[in-house]
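The sequence and the model come first.

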Amino acid sequence: MDSAIIDIVWCGAHNQSNDNILVMSSKGTIYLSQNNGDDWQKLAEVFHRKGLLVLQDENEKVGVVNKIQKSPIDPQLIIFLGTEFVNWISPDCGQTINAIYTGRQMREFQFHPKRKDWILASSWSKCQMKQKDCFVTKDLMVSQDMGLNWEVIAKYVNQYSWGFKSPNNDVIPEQRIMITYEPNGKGHQQLSGWNMKTHLFYSDDFMKTKTMLVNQGNKFQLTPNHIFVAQVMNSSNQEVTLLVSESDEYEYNFRYVQMPDILKDHSYTIVDSQYGAFININHLKPSSIMGTTYISDSTASRYRISLNYTVRTEEGQCDFERVLGLEGIYIANVYASEQAELYQSEIDEDSPRIKESDLSKFKQTKITFDKGSRWQPLTPPVVDSEGKKLQCDSKTCSLHLHSVSTKMQFGPFYSTKNSIGLILGTGNIGKYLSYRPDQVNTYMSRDGGLTWFEIAKGSHIYEIGDHGGVIVLASDQQATKVLKYSWNEGLTWEVFQFSEQAIEITNIITEPSNIGTRFIIYGTSDMYINDENIEQGNIVKIDFSQIHGRECIGEDQPSSENSDYELWSPTGKINPDCLMGMKVEYVRKKRDAKCFNGEDLQRQHSVQYCQCTEEDWECDLNFHRENQDPNAKCIPYELYEQNFEAPENCEDYYEVTRGYRRVAGNKCQGGVEYNPVKLLCPGFKFWKFRNIWDFMLICIFVAIIYFIYKNKHHFSKRKDHTKEQQQSARTYGQKMVERGLGYREFDEDLIEENQNV
């Protein structure tokens, strides 16, 4: 290639192999392969020639491509954004190229999730030299004919999006647009920091009319279930707060998220939004390398601290990843508590005793098997990749892995949804994460992070294919001619020379679903022309489909003698039989089976629901584990006073927490129960019921009254001191919680203490 490769896109028709691959080089040149990378066609002349045909001024330039974007509903539809006023579009994965003149350079671009002809884009307006009454603004544009014609529908724009994510949406109007902008903007637009004049709106008619959703709402994130909005509270101190609403309803109901402490919030990162949300909040200053990670309930509105001192970059990226394909397992990096507290306590001083550059020397890796309720260190391997025993004291030594904050100096921890249980990463064993290349090695887990083993000395870049049946490694710290591959999940490794010339490898990738056996290696090498050193891009295709010669058999009879497959069930640390309230058995290839899974493998699995254990519950809002012990009971924070009063507009009954809540997405049944206590609302009318359970409650109540009547002689002996025993409804609520009683359970003491009840 003419320069280093910076983007690769697979594209192809639905339900067909991804035969077409598009590559973009750092010089903006597009290359096309129509046979999975065997042959490549340079399209620079095609793009330039098509661009010349649509230019409207002889002084204008065609430019080159600076971004490739694929349609989410038509994988053959590709848009190529240009560096000038020309963009290109292809309806067939680059085989046909059409140029589009827009008169301005497009900066951002969004396909509609259902209508493939509808496109949103943004662009900065241009002003001629000495042109009066012209201001540079970020404008929102819409096209309803696949980019042929564009209309500017808003100016002074900050952020925008179509109003829903799922193509199956049938509630939100298709025309809905979410937008944050300054409706009364003046002068040249500035996009720096939080702005009190920017607000969140939505429109269902391409901005002909609009409705304000959040005053001073500057940034938002739309997920399939919720929409999160950062609202500016103080622009001078750059402080914000967070609101949330369901995103799959026609009308929005925004509410402030509930946090355990009142702290300054400078920015938010939604690190995961499956069954509620993990949110990393920067409390320290406008740009900080340390944040606090919070976990919500299923409504995404009530949060508690899950992980303190989480590693983040100044841009807001977090060392926090979900293990794909499994429920409730996450890996994150944190700063050691002693150094983090020192940094945090002196963040406002001019000369803190520990600088950010020094703080980065104290990173540690943690894992959770119950969606953030408890975190623990990674278990280090017992021996290294050469079979030598490793010395590692479990009290001070564990495994640590690199992530995004390393900024690609080393490979980040990595998993895929179609290779269930496999995790790869680079790092070291010790007290802290090391950045020394001679201390960094490559590690792997095949049981979802429960146990780890070293698979290679030194740092490597890696990829997984064939549903986990092929793993490929190559050195990423120096130029190389060889790679290593394993077909038995790291038991043995084969070395293969893929090039006569050493290449500095940038990455190894396979098609997006990780089910094939074809891999692409790309990187750079030096080429000397006329005694001048020129960097060129290199791309290598490697096909592993012939190393075994047969596909695996016995998928429908796993663990039998004649089957190449076995049953495997992911587990947690506290309850070794269950994970997130379920025992899920997956079918996976036996480690030593010399065969391929094949692209059509359907991973069968069975699900059994488990009894609830302590691992299935986490502390509720305003509660925490005593002494920060992950196995201790949940107690309220020191200054928190629990409220037992009925809420306003109380209807029938209300709930009072016991300090626990079930982990969002957990599906356990029975066993350990910490459900909230239900208390009757003041003035509850027993004749008003809405369902069979309310009717049964009334029947139970009537039976209790009848029992009291039949045994009134027993109660009459204590009638004289009844008034002295009366307590307020608050005391009643407290005793109900302390005794763990539900609203269906009563006893004589409680009845005597408050006749109103």
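This is a predicted model: local features need pLDDT of at least 70, side-chain atom pairs count only at pLDDT 80 or more; totals for chains, interfaces and linings use all residues.

Residues are numbered from 1 along each chain as its sequence is written, and side-chain values use heavy atoms, with hydrogens and water left out. The structure holds seven disulfides (pairs of cysteine sulfur atoms within 2.5 Å).

**C127 and C134**
- A disulfide joins C127 to C134, with an S to S distance of 1.9 Å.
- The S-S torsion of C127 and C134 is about -90 degrees, so this disulfide is left-handed.
- C127 is partly exposed at 29% relative accessible area, whereas C134 is buried at 17%.
- Buried means under 20% relative accessible area, exposed over 50%, and partly exposed in between (1.4 Å probe, protein chains only).

**C552 and C595**
- The sulfur atoms of C552 and C595 sit 2.0 Å apart in a disulfide.
- The torsion about the S-S bond of C552 and C595 is about 95 degrees, so the disulfide is right-handed.
- C552 is buried at 12% relative accessible area, and C595 is buried at 1%.

**C650 and C681**
- C650 and C681 form a disulfide, S to S 1.8 Å.
- The link of C650 and C681 is left-handed, with -65 degrees about the S-S bond.
- C650 is partly exposed at 24% relative accessibility, while C681 is buried at 6% relative accessible area.

**Other cysteines**
- C11 is buried, at 0% relative accessible area.
- C93 is buried, at 1% relative accessible area.
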